Amino acid sequence: MRNRSNSGVRLDYYQRLLNKTILKYQNPVTGLIPSSEENSHAWVRDNVYAILSVWALALAYRKTADLDEDRAKAYELEQSVVKLMRGLLRCMMTQVEKLEKFKHTQHVDDSLHAKYCSQTGRTVVGDKAWGHLQVDATSLFILSLSQMTASGLQIIFTLDEVSFIQNLIFYIETAYRTPDYGIWERGDKTNHGLPELNSSSIGMAKAALEAINELDLFGARGGPLSVVHVLPDEAQQCQAILHSMLPRESNSKEVDAALLTVISFPAFAVDDYEKVEETRDTIMLKLEGKYGCCRFLRDGYKTAQEDPNRLHYEPWELQVFERIECHWPMFFALSVLDGLFNGNKEQVKKYAEKLDSVLLKTDEGIYVLPELYTVVKDKVELEYRTPNSQKREAIGKIPHKWGQSLYIISKLVQEGFLSPGELDPLNRRLVSEPKPDIVVQVVILAEDEYIQSKLLEHDIKVQTMDEVRPLQVFPARVLTQIYSLLGRNKKLGLTGRPKNEIGLLATSKLYTFHDQILAFIPQMADEHQFYLPKDTLLKLDMFANDMGFLSSYWRYLGRPLVIFPVSTNLNYLDVGHNPPGALIGTIKKLQSGYIAGTRVHLGNLADFVTTSCITKLSFLRDPSHGEEVKKFIGDIFNKAPDIRPRLLSSTRMRPRPRSHSRSSVHGIVRRSRSIQVDPDQAQALQESLKRLERGMTIPDGGSSQSSGSPTSPGALDIEYPREYPMPQHPSSPSLHLKGSLHPLHYSHQAPCSSPQLSHFFHQGGLPPGKQESISINELVEQLSNTEVLHEQADIIHYLYLHRGPDWEIKIDGRKCCINELLVELYEKAGHWKHWGLVRHTAGLLKKRVEELALAATDLLVRQKQLSVGLPSDREKVIMRPLPPDDLAKIIFEACGEDLSTASLTQELLIYLAMFIRTEPKLFNEMLRLRVGLIIQVMASELARTLKCSGDEASEHLLNLSPFEMKTLLHHILSGKEFVINTEHTNVEDECRLSVSTKKVGEEATEFAKLSRKPYAKMQKSIPNLDPEELEKEDDVESDRQGQWLRRRRLDGALNRVPVGFYPRVWKVLKMCHGLVIEGHNLPHSLTREMTPGEFKFALHVEIVLNKIPQPEYRQLMVEALMVLTLMAENDAGKLQFSQLIQVDRIVQMANTIYLKDQKIPIDVVERSRGAAGICLHFYDTAPSGRFGTMSYLCRSLATILPIPIDKDANLDCTLS
C-alpha cells in the first residue's frame, strides 16, 4: 500500500463524496447533470453550481498532488468540468436564432431555454411553457467560464464558439432593464408568470461582464481574435441599478436570500462595503431560520399549505405561507463561504455549526445536504403562534446537488486545501477594496483656426483637429458603428452588437487599430441627434457632471480622457463671434486643476497617450468580415472628422417693418400645444385638438383670406445686411427657406391681438365666416416669400400634417420635400436659440434623445413609475424598462399632435434621470413621476411668478432654453421659491428668461399677500385681487403665508408622501375592512397578498391616490391617512374597525371644524372655496400646531370613527 499524506486521504474522501452525490449523475454523452434519476431535465444554473465543486476539487488536487495518481485525478476532474461546460455551450448554440433575436427584442419568448434534456441536449419544454428568461443563469455560466479559463482550463475550442460567447455578452448586458423570471424561475411571487427586474440577475450579469472583459478564451494559446470585449458602460449601468435596488430583490420581494450569491461568492458584484453589510444584515434579520434561510417572505414552495395541483397562488393565500416558509440549508453554506472570503472567523464558526446540524447521513455513511426543510402539516398552527419553534422535516431532492456543491467547496476552503484566491483567479473578491483618486484628463479641440485664435485672445491655447494628427478623432457614433462589427459571424447567423449608443466610459479610452490611435468625442457633444447639445450652458453643465461621473465610476488601468470640441455653435450672434463667457469660465476652472470637486488635467492629446487607458480593436482583424470591414474602416480613416458643421453665420441685425400679409395658417403651431395651467380648460382643449386632427379642406388651387388681423405697427422683423449671406448646411447643396430675418416679435408681441385671431387660437379653427378653403399654392408662395421663421414654421407644419413629410414642392424653382424643409427649419431655429420651435420641429422629425431608454430605466429601477402625456385621457403609465424605440413610440402616442410636449417630455426624462443619479433625496417618497403633470406644474409656476395667463406661461415654458428648463425643474422638485429674470441677449430687441433661486424679501404670491392681510381687508380683497395694490400694502412684510398652499400643490403634483407612508397605510388597512378614497376602495385583502414593504402594495395605494385630480386635495388626503397611521401605531392593537373608513369624509369634516373654529362668515367661505370645496385658508394652514391641519384631522377622526373619547370630545394627544 502506498503511503498517503493526510491531505491526500482527505481529498480522496471528498472525491468519493463528489462521485456519490454529483458526478455519478453526469451523462457520459452530453456531460449534463439531470435534476434526479427520475427527471432527465438539466437546469443551466444547477449544472454550473454543481460542477463548481468538481472544479474546486481539481484545483485542490493540482495544488497538493503527492503522486502521479493525484495529478491524474486532477486531470480527470478537470475534464468532467470541461465536458459539462461544453455540453451547456452546445445546448445554447443550438438556439442561436433565439439569441440573435433576443438581442434586439429582449422579449421573454425569444430567450434561451433554462433547461435541456441531459440525454440529448435538446429542449424539453416549449418557449411559453416555462419561465425561460433567467439572466442570472446565463450570467453564471459566463462568470464560471471566465474563472475556469483564468485558472488554466480550456473550454472554448473554436473562433465560432468565441463569437457565440461574445453574443452571449450582448444577451446579458441589458440585464439592468430586462425583467426576467429570476433565480427561482417564478418572476412575481404569486407565480402567475410575470417577469420582474431582479437584483440577483442584475448583480450576476454585472459580475459576468466585468470578469470576461478582455479575456482570451483560448487561454495562453490564444491570439487577438479569441479575446472577448465588453463595453464598460453596460457593466457600470448594472452596478448603478444594483446599488439603487439593494437590499430589495424585486417589486414583489422585499429581500431574497439569493442576494448572498451577489454580495459574496461567486459574483462579488457589489463594491460598496456598506451596501454589502446592509444587504447581508437584512437577509439574516428577515429570512434566517434554524434550518437555513427562507428564499423570500411568504414563499409557498413545498409548504404544507401549498396546493400541489397548481403552480400559481391566489393573491389572498400568500398570507397563509407567512412564518411557515421552507428553510433552505444551502444558504448556510453560502454564509460560511462569505465568512471565509471576508475573513470573519466568527461568522464561519457560527454557520459551519449550523450547517453541520442540518446535514443528513446516508446508509453509506456519506453526509448530504437536503434541498429544504418544511413544517409538517400537523405542526403548522404551532409554528404560526411561535416561529422557529417546531421541528422540521427534510424534503425535496436529497442530496440537493447545488447545495451539496457549495457545502463541499466550503469544506475544502475551511480545511485549507484551497485559499479564497484560488477559487477567484480573476480577483472578483477585491472589488470592494478602496480605489485611488481619479484624475480626469481633458483635451479641448477647436473646430478650426478661427476658433483657436478666439480662444487664444483669452490666453487659452488649444489645438485644432488637424494639429492632433496622426491621432484620429471621431464622434461617438463612429465608435458605435465599429462595435457593431463585434461578434459578427456569418456561419452562425450572428449580426454582432446592436447599434446602441456608446457611453461616456467607452469614449474616455483610446483605441488602437493597426498603427493608428483613435480618440472619440463623447456622445453628449454630438448634435446630430437631439437638440440638447445646442444649448451652451446645458452642455457645459453636463460636462461638469460627466467629470464627477468619471471620478466615481472609472475602474480601469490608466486615466480617463475626455475630448471637448469647441465649434462655432458655441458662439453668440454678435461682438465678433466671441466665445460665450460660460465657456471661458469653464476652461479657466479646468486650468486650475479642479472642476465640480473633481481633479482634472488639461493638456494636449499627444501628451496623454502614455497615461490613458488603451484598448485594442483586435476584432476588426477577423477575416470573416471580408471586404465590408476594409471598406468601412477605410471610409472612416479617409474621411476627415465631422464634429458638427457650422450653421448660420452670426451677423448684426437691423429692424424693418413687415411688408407681407399674415399667413392663412398663422398660429397653427401654437394651437397644436396642449399644456394647460387651469384644469378646467382641459375639456375645451380636447375639443379643440380633435378639430385640429380632423383638419380643413385643402384644394390645390384657389385663394384664401388671412385669418389674422393686420400687422400692428410695433411688429417688426429683423434682417441681415446683404454683406452677410446665410451659410449653407453641408448636407444640403442649397437652402430652400429664406433666412435673413430673425424670428422674434412675431410670436411674442400680442399673440391674440385681434378678436378673430383670439377665436382662432382658442377654438382651433378659422373664425366664423372665414372658414374658406386654404390654397396649397398660396401657402407655397407665402413660404417662398416669407423670411419670418414662425411663418415658415406654421406653413411647413400645416403642409406636413395634410400632405405628409415626403410631399414635394418647388421653392424658387428648386424641388424639395417637406422633410428637407423641416430639417432646415430645425437647424435655423437651433441656431437662433428659439427653443419653442426647436422642440416643435424636433417632434415633427420624430427625434429621439440618445439616452432616453437609459434615463427611463434609471428612474424605473429606483422604485419610480413613470407616466407620460397630459392627465388624464392621454396619460400612459410606464412600469418596466423598454427598448428606446418602444419608449419613444409611447411618448409620441401619449402626446398626440402636441409634438412640442413630446420633445419636452423626453427632455424632462433626461433631467429627472440626472437628478436621481446625483441628488436622489429630491425623489424621496415619490413613487410615480407624472411627467405630463410636472409640465403643467412648471407652466403654472411660471404663470404664478410672471403673473401672466396660462397660454402665455405655456409659451414661455416652451421657449426656455434647455439649461433654464433643467434649472426650473430642479426648483420645482426641491420646492424652492424662484424668480424669473429677463435677460437681454446680444441680438437686438431680444429678451430671454432665466431662472434663479428666490432670495429673502423678494415679491410673494398674491394669495400669500392676501393671507397676511388683516381679516377686515381680507374680506374686501377676496373678490378682486389687485396685485399692484397688494404690493403697495405689503412690500415690507415677510413671505411666510401662502407657502403651505403652494407646497401642498407641488407635493400633490409630484406625488410626494411622508417617509414610511406606505408600510404605515398597510398597518391601517390591517385593522379595518378597507379605505375609501374618493369612491375608490383599498380592500383589506391586500394585506393578505402583500407584505408592508412590498413595492406592489405601494403601487396599489398610489393608483387610488392618483384618481384625485386636484393636487392640494390629494395632499390633504395623504395627511388624513397619516393621522390614521398614527392612530394605528399608538393603539397597541386595541382598535379594530368592522367598517370601511371614508378618508375624504375625514377631510371634509376637518374643514368644517376649521371654519367653525375660525368663525369665518359664510359669504367669505364661499369666495375662498378651493379644490373639492375646501377653504383656501385651510389649504394654507401648516400641518402642525394647535390650529394645524393635523389637529383638525384628529378631531374629525374622533368624530367619525368609534374612538374612545371623554365627555368633552377630547382624545389622547398621542396622535399629535
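Two strands are taken to pair if DSSP finds at least two bridges between them. Helices (H or I, at least four residues) and strands (E, at least two) are themselves DSSP runs, numbered from the N terminus. The model is a predicted one, so local features need pLDDT of at least 70 and side-chain atom pairs count only at pLDDT 80 or more, while totals for chains, interfaces and linings use all residues. Residues are numbered from 1 along each chain as its sequence is written, and side-chain values use heavy atoms, with hydrogens and water left out.

First, the overall picture. The protein chain holds 45 helices and 30 strands. Of its 1216 residues, 60% count as buried, where buried means under 20% relative accessible area, exposed means over 50% and partly exposed is in between (1.4 Å probe, protein chains only). Contact means heavy atoms within 4.5 Å. Among the contacts in the protein chain with a separation of 6 or more, 74% come from residues 24 or more positions apart.

Strand β23 (residues 865-868) sits between two pairings. With strand β25 (residues 928-930), β23 pairs in the parallel sense over three bridges, and Leu866 has Leu929 of β25 as its bridge partner. With strand β24 (residues 876-878), β23 runs antiparallel, again through three bridges; here Ser867 has Val877 as its bridge partner. In a regular strand the side chains alternate between the two faces of the sheet. In β23, Gln865 and Ser867 point one way and Leu866 and Val868 the other, and all are buried.

Another set of strands makes an open sheet: four of them, in the order β9-β13-β12-β17, with mixed pairing. β9 (472-475) and β17 (614-616) stand at the edges with a single partner strand each, so one side of each has no neighbour in the sheet. From one strand to the next, the twist averages 35°. Axes here are lines fitted to C-alpha atoms, for helices over the stretch in contact, and angles run from 0 to 180 degrees between N-to-C directions. β9 is joined to strand β13 (residues 516-521) by four bridges, and the two run parallel; Gln472 stands opposite Leu518 in β13. Helix α16 (residues 476-483) lies across β9, β12 (510-513), β13 and β17, running at about 90° to β9.

The loop between α16 and β10 (488-489) is the place of Gly487. Gly487 counts as buried because its relative accessibility is 11%. Residues up to four places away in sequence aside, Gly487 touches Ser163, Gln166, Asn167, Leu494 and Gly496. Gly487 and Arg497, 10 residues apart in sequence, are 6.7 Å apart in space, C-alpha to C-alpha.

On to helix packing. Helix α31 (residues 931-946) and helix α37 (residues 1043-1053) pack at about 160°, with their axes 10 Å apart. That makes α31 roughly antiparallel to α37; angles under 35 degrees count as roughly parallel, over 145 as roughly antiparallel, 65 to 115 as roughly perpendicular and the rest as oblique. On the α31 side the contact is made by Leu933, Val937, Glu941 and Arg944, and on the α37 side by Arg1046, Leu1050 and Ala1053. By class, this contact of α31 with α37 has four nonpolar, no polar and three charged residues (Ala, Val, Leu, Ile, Met, Phe, Trp, Tyr, Cys and Pro count as nonpolar, Asp, Glu, Lys and Arg as charged, and the others, Gly among them, as polar).

For helix α41 (residues 1111-1130) and helix α42 (residues 1143-1158), the axes come within 9 Å and cross at roughly 100°, which makes α41 roughly perpendicular to α42. The residues in contact include Leu1116, Ala1120 and Leu1124 of α41 and Val1143, Ile1146 and Val1147 of α42. By class, the contact of α41 with α42 has nine nonpolar, one polar and one charged residues.

Helix α25 (residues 789-803) has 15 residues and reaches 20 Å from its first C-alpha to its last, close to the expected 21 Å (1.5 Å times one less than the number of residues). α25 is mostly covered, with 12 of its 15 residues buried, among them His790, Asp794 and Tyr798. Just after α25, Gly804 takes a positive phi of about 90°. Helix α24 (residues 776-785) has Ile776, Leu779, Val780, Gln782, Leu783 and Ser784 as its buried residues, and their cover includes α25, β21 (808-811) and α26 (818-831).
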